[in-house]
Amino acid sequence: MPGYLRFENVTRRFGSFTAVDRVSLEIEKGEVFSLLGPSGCGKTTLLRMAAGFDVPDEGRIFLDGVDITRLPPDQRPVNTVFQSYALFPHLSIRENIAFGPKLSKRSPAEIRSEVERMLELVDLTAHADKKPAQLSGGQKQRVAIARALVNKPKVLLLDEPLAALDLKLRQRLLVELDAIHDEVGITFIYVTHDQGEAMSISDRIAVMNKGVVEQIGKPAEIYEAPRTSFVAAFIGDTNFLDGKITSRIGERFSKCAIHGIGEIIIDNDKPTSPGDLVHLSLRPEKIIVSRNRPELRENENSVPGVIEDIIYFGSHTRLWVRCGGWRICAETQHRTYQLDDTPLNWGDTIHLRWHANDGYLLEQYREEDESLLTLPDET
Amino acid sequence: MKPSRIPLVTTGIVLAFFYLPIAALVAKSFNSSRFSPEWKGFTLKWYERLFERDDILAALVNSLKVALIAASASMLLGTCAAFALHRYKSRLQDAHRMMVNVPLVLPDILMGMSLLLLFIAAGVSLSLATVTIAHITFCLSYVTLVVLARLQDFDPNIVEAARDLGATRLQAFVKITLPILFPGILAGGLLAFTLSIDDYVVTFFVKGPGSDTLPTLVYSMIKKSKELPVINALSTLMLLFTFLLVFASQRLTRPVNR
């Protein structure tokens with residue numbers, strides 16, 4: 001079954017710059033689909049083409065089986081929530097929400113009851129007669145959402161809707177947005193550069209970079225099984241190791257020589273054979289840190305190293321550990337009261353342990369993606 | 001620590017510098033003495049005399065006509081120019097921007113001369129119409145800049161939001177863009193009105209016979225000094241009117257509410 005909203009080989013160029021490069025996407029009815037990527041990756045351009053503010057140079061866009069590629073924005077059954085809210089400053093909150101319904105020639109009584117229902121949905125009935133300037137950022141964003149939803153769009157497009165808000169408010173609105181989605185059941189397309197937002201609200205995510213979709217999948221798939229080094233580095237934090245396959249251990253595992261570390265065991269997430277050069281992504285939280293050489297179970301790795309940097313986050317601590325030529329980031333969760341323990345210190349020698357299964361072989365590797373990792377400067 | 005008196009003193013000096021002459025003028029307009037500066041008692045006779053003079057009333061009507069037409073025309077043209085400057089970025093628009101700015105600093109005498117030469121060369125006889133055209137010429141720049149400033153702190157997403165919610169191009173312009181910009185356009189119009197109504201230099205060059213405006217008439221009256229108190233009365237009324245206009249335009253140019 002083809003998707004509800006479908007992008008077919010969509011390309012958009014601005015002069016010599018290709019903002020969106022032959023993107024094909026299928027978005028299912030009722031899902032929250034995120035377009036995630038750094039600024040300039042083409043996610044907003046893609047959204048603007050869905051809204052009708054921009055027209056692709058090549059390719060087509062279908063909504064519910066209808067070609068909407070060249071339809072002007074006022075004739076599309078989609079509505080947009082803007083990052084800047086874009087509320088009408090000269091109209092009251094109620095008038096802002098009623099703007100769309102009034103244009104659609106519905107009966108005044110119906111419009112009135114719809115608008116009141118929306119005000120209730122976003123919990124702004126008490127502020128209905130105020131002007132946008134009198135509201136807080138979070139309230140303005142809720143007006144923007146109500147103003148879009150009142151038109152019962154087939155797809156709601158959200159362009160970085162929370163980017164202008166502070167962290168706590170962002171988290172609260174994210175929960176509210178999720179609740180609103182559950183209530184109205186409309187398809188959401190959510191554009192963001194914040195992987196945390198995308199992971200928590202989406203059913204599926206498309207990770208974009210330089211106008212191209214790098215990977216589409218459920219949040220956990222993207223986090224655990226990144227297809228490219230860009231996805232691995234952009235979603236969460238990771239360590240990149242490169243090495244060479246030396247021998248196979250049964251069907252599932254191989255031995256891999258990492259320069260300066262020695263042989264480790266890796267999972268054959270993709271077909272490999274001895275002699276292949278491979279790249280491995282190893283998430284910091286998958287590594288278990290211990291002072292003493294750990295007892296290894298089957299297919300586990302242990303690597304000694306010296307602590308070079310420590311950052312304490314309260315719930316966890318990040319350690320940057322020098323292992324041969326590599327600087328590996330490991331995370332220790334604090335599940336117990338910390339002040340009774342002897343803390344780890346700079347210069348301590350520790351052991352990093354992980355199961356072969358916890359690393360992930362990358363299909364594609366680009367050196368430049370290492371710059372996305374949050375490593376402290378080399379000292 | 002005792003608060004410094006310097007701000008108070010400087011404010012006093014500045015205000016005195018600006019408003020002492022005006023206060024003198026207002027006082028004199030109520031002074032029953034015709035020539036001497038000393039106070040000879042309160043009177044309204046100069047105001048009565050003022051309203052008996054048909055030439056002053058005719059000039060006032062002329063001034064109002066010119067100012068109203070010049071302000072309206074420059075509101076319309078200035079808004080169009082501001083839209084063009086705001087929306088399109090090109091070398092042509094860079095030149096446009098510069099040429100909009102030049103009349104602000106161009107000496108009036110130069111503008112008056114050049115307009116006069118143009119009218120003569122084109123064979124247009126001087127009349128109230130030429131005065132009006134001349135006034136539009138210098139008002140236009142001011143309106144353009146006021147509207148442009150308003151446009152620049154206008155979020156372009158707002159127009160997109162209107163389109164997104166189902167408004168056609170025209171509906172978005174009429175229901176959203178125009179109402180938001182209107183205070184700016186009106187403020188520009190008021191500014192144009194005040195500039196037009198007190199212009200002397202440009203008007204002097206391009207006015208035809210019988211098309212005196214208030215400023216040119218006042219100047220010719222000053223030569224006959226027995227009319228001086230009448231002019232004071234007239235000036236006082238114009239002053240009052242100007243204050244009201246400035247007050248109104250300040251209220252309109254307050255920042256856009258977001």
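Let's start with the domains of chain B: the assignment gives domain 1 (1-43) and domain 2 (56-157 + 184-250), with bounds that come from an automatic or database domain assignment. Before I go on, this is a predicted model, in which local features need pLDDT of at least 70 and side-chain atom pairs count only at pLDDT 80 or more, while totals for chains, interfaces and linings use all residues. Residues are numbered from 1 along each chain as its sequence is written, and chains are lettered from A and ligands numbered from 1 in the order in which they are written.

Back to those two domains. Taken over C-alpha atoms, the centres of domain 1 and domain 2 of chain B are 30 Å apart. Domain 1 of chain B puts 6 residues into the contact and domain 2 of chain B puts in 7; two residues are in contact if their C-beta atoms, placed from the backbone, lie within 7 Å. On the domain 1 side of chain B we have 3 nonpolar, 1 polar and 2 charged residues. Here Ala, Val, Leu, Ile, Met, Phe, Trp, Tyr, Cys and Pro count as nonpolar, Asp, Glu, Lys and Arg as charged, and the others, Gly among them, as polar.

Now, where do the chains meet?

On to chain A itself. Chain A has 8 helices and 20 strands; these are DSSP runs numbered from the N terminus, helices being H or I of at least four residues and strands E of at least two. The C-alpha atoms of chain A fill a box of roughly 75 × 50 × 35 Å along the principal axes. Of its 379 residues, 39% count as buried, where buried is 20 or more other C-beta atoms within 10 Å of a residue's own, exposed is 12 or fewer, and partly exposed is in between, with C-beta atoms placed from the backbone.

Next, a helix pair. In chain A, the axes of H2 (residues 93-103) and H3 (residues 108-121) come within 10 Å and cross at roughly 130°. Axes are lines fitted to C-alpha atoms, for helices over the stretch in contact, and angles run from 0 to 180 degrees between N-to-C directions. H2(A) and H3(A) are therefore oblique to each other, since under 35 degrees is roughly parallel, over 145 roughly antiparallel, 65 to 115 roughly perpendicular, and the rest oblique. Among the residues that meet are Ile97(A) and Ala98(A) from H2(A), and Val115(A) and Met118(A) from H3(A). That contact divides into 7 nonpolar, no polar and 3 charged residues.

Most residues other than glycine have a negative phi. Asn9(A), however, is not a glycine and has a positive phi of about 50°. Asn9(A) sits in strand S1 (residues 5-14) of chain A. Is Asn9(A) buried or exposed? Asn9(A) is exposed, with 12 other C-beta atoms within 10 Å. Tyr85(A) also has a positive phi, near 70°, and lies in the loop between strand S6 (78-81) and H2 of chain A. Tyr85(A) counts as buried because it has 25 C-beta neighbours inside 10 Å.
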